[in-house]
Amino acid sequence: MKALQPIRRISKRMFYRVFLTYSLIIFLTMTVLFVFLTDYYSDFIVQREIDRQETIINEIKSELQGKHQFVRQGIQQLYQEQPLIEDLAFALQHDYQDYIGYRLDKFSNSDSFVPYNFDIFVKNYFSRDPESIALRIRNESLGTEYMYLFDHSRWKQGNHYKEGASPITDEPSEPKDMFVVEEQINDPVSMDRLGKAMVYFGYDSIDGLLTLTDMPAKSAFIITNEEGDILYSYGKAPASLIDGLSYSAEQKKVDDHGRYYIQSSIEPVSGHMVTAIVPEKEIAQLFTYKTTIFFLLILLTTVAIILPYFALRGYSKRLDEIMNKMKEVQEGNIDARIETTHVDDDLTDISHTINKTLDDLNDYIDKVYRSKLKQTEAELANLQAQINPHFLYNTLEAIRMKSLSEGGRTSAKMIVQLAHLFRYSLKSADLVPVEDEINHAYQYIELFKVRFPDQLTTELYVEEELKSLYLPPFILQPFIENFLIHGFRRDRQDNHLSVSIHKMGDTAKIIIEDNGTGIEQDRLHTIMEGLKEEVGSTSSIGVGNVHRRIRLKYGEGYGVEIKSIAGVKTTVQITLPFMKEVQ
C-alpha cells in the first residue's frame, strides 16, 4: 500500500495527470502516424500528380476551345458585312471561272480602287493565328471548293498538297497531325446551307504547353475523337492502354504490365477527348523522404514531451494561486485580486478577466444602488406632477359657467379650450391616435390665437393613410409651444405654422415648420448635441423629453431632427415607426 501512495499523490495533481495524458496521446499519435504515413503520403502524391494532370488537360481543352472561338468569330464577321457574305455565297454556288468574272464585274462597278471580297478577308483574318495552316471552304452538293494555304511548308510536310494543283480549286488530301475546326455557312437570306469552312491548325501551342510545363512524372497525353482515332499524342504509353480507352470522362487505375493512372475529359465544343496517362513507377520515384520523416517523427515526439513538461510545471503553480483566490471570493471577499505576471498566455488572460469581473461586480453593485435611488426620485417627481388634475378641470368648468352667466364669451371659449387641453393631459395611454394628437395641437393654437387674433395662420395636414396612425402623446405640443413663445413675431401679421404627417416607407414623418425668428447656429448646435447625448430633465416636457421618449420606445433609428435658418424659418422632423394599431 505504501508503494501506491506516490502514485495516488500524482493522480491527485492536475499537472501530473495532464502531463501523463498528454505524453500518452503524443506517443500513440506518433505511432499511428508512422504506421500509416507511407500509404497516406503515397495517396497524397498520387492525387497531387492527378490534379496537376487535370490542370494540364483543362489548359489543352482551353486551347481547343480558343480555336473554335476564333473560327466562329471569323464566320460571324462575314455575316455582319453583307458584301462579303454575298460574295462568298456566289462563290460557293458557281464554279471558279464564273466567280472570277463576278469579282471583275463587281470591282469595275465599284468606286474604290482597292478590291475587297471574301477572298481577301479570309486571308487577312485566318492568317492572324500563327498556328493556322490552311482554310478549306466547300459546297458539298455542287462540289465547289476553295483552298487557302497559310503555311505551305507544313502543308507539304504532311503530304497534304498535290504538286501542280491549283491551291484554290483542287481538292487536297486528308490532313494528318492537324486539328480541324469546322463551321457551317448558311445563305443570309434563305438560311439554306451553302457549305462549310474547315480551318486546319497545328498543335504548336499544345506542344509548347506540355514542353514548358514542369511535370516531375513522365506522363503521356493523347487527343482522340469520338470514333477513337488518335489526333495527337505526346509522350509514351502502352499501345494496349491506348486501344482500350473508352470515350468518356473518367478517372481510373489500370494494371497493364505495371500500374497506370488514367484521366480523361471531353472538350464539349469539338467533342474531342483529352487523356492523360501517368505510370505509377514514375510517381514512385518521388517517395524519397521516408527515412527523413521517420527520424523527424522521433525528434518531434521527444521535443513534444520534454518541452510541455517544463511549461506545465509553471502553469500548475499559477493555477493553484488562481484557485486559492477564487476560494477567497467564494467566502465573500470580493476585494481579493489575483497577482498577474508579464507572461502573455491563457492563465494571464483568465487572471485579468477574473480581476476585471470582480471590479465590474463592485461597480455594478454601486450602480444598481444609485439607480434605485434615481428611480425612486423620478417616481416621486411624477406623482407630484400629477396632483389631482381632476380638481383643476372641475374648477375650470365652474369658472367657465360663471363667465358665461356674466357675458364673457371670449373668456368662456378660452376656458373651454384650456379644459380640453387638461382633459387630454389626463389620458394615461402609452399611445394615442394621430387625430387626438392633432386635435390637442389645434386647441392649443386656437387658445393662443385668442390673444393674438389675425396674426397667425396655421395648416394641419395628415395623409389619409396615416389617420389610423398611433403615436406617443404630447409629441407636437412642445414644438408648437417653442414657436409661440420664442419664434412668434408679435410685430408681424404673416406668422405661419404648418404641421404635416406623411408616410415614407415603413416610417411616418412629422414635419413642423414655421417662419419665425429661427435659431442661431451655435444655439442649434448645442440643442442637437443635447439630443444626441440625451441630456435633459425628467421634470419637464420639452424637445429633449420628446426625443428621449421616442428613442427609448422605438430605438436609435427614430427621434427628432431640427434645422433652422436664423431670421427665416425653423423645421422640425420627427421620425416614428408606422403603427396602425396599439401593440
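Trainee: Which residues form one aromatic cluster with Phe70?
Mentor: This is a predicted model. By the ring-pair rule, the count comes to 10 aromatic pairs. The cluster that holds Phe70 also takes in Phe121, Tyr125, Phe126 and Phe201.

Trainee: Which strands does helix H5 lie across?
Mentor: Helix H5 covers residues 118-126. Its direction is at about 150 degrees to S1. The strands it lies across are S1, S2 and S4.

Trainee: What is the order of the strands in the open sheet?
Mentor: The sheet has four strands with antiparallel pairing. Strands S2 and S3 are the edges, each pairing on one side only. S1 and S2 pair over six bridges. The order is S2-S1-S4-S3.

Trainee: How many residues apart in sequence are the parts that Phe179 and Tyr203 tie together?
Mentor: The rings have centres 6.3 Å apart and planes at 40 degrees, so the pair is tilted. Phe179 and Tyr203 are both buried. Phe179 lies in strand S3, and Tyr203 in the loop between S4 and helix H7, so the pair links parts separated in sequence by 24 residues.

Trainee: Which residue lies over the face of Phe578?
Mentor: The distance to the ring centre is 4.5 Å. A charge over a ring must be within 6 Å of the ring centre. The residue over Phe578 is Lys503.

How values were computed:
Residues numbered from 1 in each chain as written. Predicted model: local features only at pLDDT ≥ 70, side-chain atom pairs only at ≥ 80, totals over all residues. Heavy atoms only, no water. Pairing = 2+ DSSP bridges. Helix = DSSP H or I, 4+ residues; strand = E, 2+ residues; numbered from the N terminus. Contact = heavy atoms within 4.5 Å. Axes fitted to C-alpha atoms, helices over the stretch in contact; angles between N-to-C directions. Phe/Tyr/Trp six-rings, centres within 6.5 Å; stacked < 30°, edge-to-face > 60°. Buried < 20%, exposed > 50% of the residue type's maximum accessible area, 1.4 Å probe, protein only. Lys NZ or Arg CZ within 6 Å of the ring centre and 35° of its normal.
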